[in-house]
Amino acid sequence: MAPLKTKSSSALSVAILLFVSFADLTRAEERLDTAEQCITKFIENIERVRERYAVYAHGEIIETSEESPETARLQWFVDEVNANSKSTRRYAESKWKYEKGDILGKEALDKILLVGEQVYFSAHRSRPLKLVRIPGNDEEVRKRKSMFISRLKVPNLFALTMFHNSVIKFPIKDDDVAEAFFGSMRLAISKKTELGIQGIWVSKPKHGIPRMVEVNFSKNDSYMPTIVRGSFLEESPNLESEFDVSNLESIPWYEIRTSWTRLDIDDKRFVPSEITNTTFRVSKLARDGREVQVVAFWSMPPAEAAELDPEKINSEALEPGELSKIRNELVERFVNR
């Protein structure tokens, strides 16, 4: 096999920063030729999914650390409306369960509803209660908002298809991770393969420990990332000259394998349905790692924001409504998978 040669580019950092803002995106052509185009389509796909979706998922988190060797299981449900709504509405609930039990009661169901800047939540460490609005004016609510969101561990599945799995424990920092991670990387290789397009990024000089990330975009999955591999490099290559990637000394960092499905049968939006995200070591010198396995079922409910009203959600505590119907349909698909 002929050695891979580099062609340095700074276009990645511009493309990835859009991961945060999703602003001024242009639709990628259906025929893709480069890794930059695949990244743009990946970002655009996320934006379109988030216009309206619901997802129910289960995750298993296996720690390899001697300090925390137990397995944790996480289940969550999200219903979000951005399109055709005066303000973004996002309802989420999650439940953690540890293999050896949890004396702090984390197995209780957490619930949160975001309506624009307003935040509604349920009590923690006890039986599920009705949603209560965070008191105070807009400024006071904003100050408290991150505390409640960070407590509700609802992973960003799109982030889990691209980044090492530390994001599963810090979902509020997903966008910060994307900006910091890819802002320090530079595209070194973009090439077509039999299965799609491969992109290889190498960390820029003076950005900490040298790293390399390989992303394989599958043409059978609308060029979504299906295999991602990260490595720690012994030394950073000279990005201004040609180099052979196979000659770089590296230590495996993480690997992600993702299966994608269409949000709807006739829809062009793709969502991750199965993810195996393995972090071999959390740092170059560490021996501790973590594996996260996720199975998720998605839908695009026909209703808009009607079911995501605090009073309607609270009334469902006594009698099932639209939100319960959406959740139950996804749970049934999960059980019958």
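Student: What percentage of the 337 residues of the protein chain count as buried?
Tutor: Buried means under 20% relative accessible area, exposed over 50%, partly exposed in between, with a 1.4 Å probe and protein chains only. This is a predicted model, where local features need pLDDT of at least 70, side-chain atom pairs count only at pLDDT 80 or more, and totals for chains, interfaces and linings use all residues. Residues are numbered from 1 along each chain as its sequence is written, and side-chain values use heavy atoms, with hydrogens and water left out. For the 337 residues of the protein chain, the buried share is 51%.

Student: How many helices and strands does the protein chain have?
Tutor: Both kinds of element are DSSP runs, numbered from the N terminus: helices are H or I with at least four residues, strands are E with at least two. For the protein chain, the tally is seven helices and 13 strands.

Student: In the protein chain, what share of the contacts with a separation of 6 or more comes from residues 24 or more positions apart?
Tutor: Contact means heavy atoms within 4.5 Å. Take the contacts with a separation of 6 or more; the share from residues 24 or more positions apart is 55%.

Student: Which strand does β4 join by six bridges?
Tutor: Two strands pair if DSSP finds at least two bridges between them. The partner strand covers residues 89-98 and runs antiparallel to β4. Within this pairing, Glu93 has Lys111 of β4 as its bridge partner. The strand is β3.

Student: Which residue in the turn between β4 and β5 has a positive phi?
Tutor: β4 joins β5 (residues 118-121) by four bridges, running antiparallel. Val115 has Gln118 in β5 as its bridge partner. The two strands form a hairpin with two residues between them, and the phi of about 65° belongs to Gly116.

Student: Which side chain of opposite charge is nearest to Arg89?
Tutor: Arg89 lies in strand β3. Lys and Arg count as positive, Asp and Glu as negative; His and the chain ends are not counted. A salt bridge is a side-chain nitrogen of Lys or Arg within 4 Å of a carboxyl oxygen of Asp or Glu. Arg89 is buried without a salt bridge, and at 4.3 Å the nearest side chain of opposite charge is Asp309.

Student: Which residue has its backbone oxygen 2.6 Å from a polar atom of the Arg89 side chain?
Tutor: Leave aside neighbours within four places in sequence. Arg89 is then in contact with residues including Asp79, Glu80, Ala305 and Leu308. The backbone oxygen at 2.6 Å belongs to Leu308.

Student: Which backbone nitrogen lies 2.7 Å from a polar atom of the Asn314 side chain?
Tutor: Asn314 lies in helix α6 (residues 310-315). At 15% relative accessibility, Asn314 counts as buried. Not counting residues up to four places away in sequence, Asn314 touches Lys130 and Leu131. The backbone nitrogen is that of Leu131.

Student: Which residue in β13 is the bridge partner of Thr276?
Tutor: Strand β12 (residues 270-279) has eight of its ten residues buried. Nine bridges join β12 to β11 (residues 250-262), in the antiparallel sense. β12 also pairs antiparallel with β13 (residues 290-299), over six bridges. In β13, the partner of Thr276 is Gln293.

Technical notes: A polar contact is a pair of N or O atoms within 3.5 Å; within protein, one must be able to donate a hydrogen and the other to accept it, and residues adjacent in sequence count only if both atoms are side-chain atoms.
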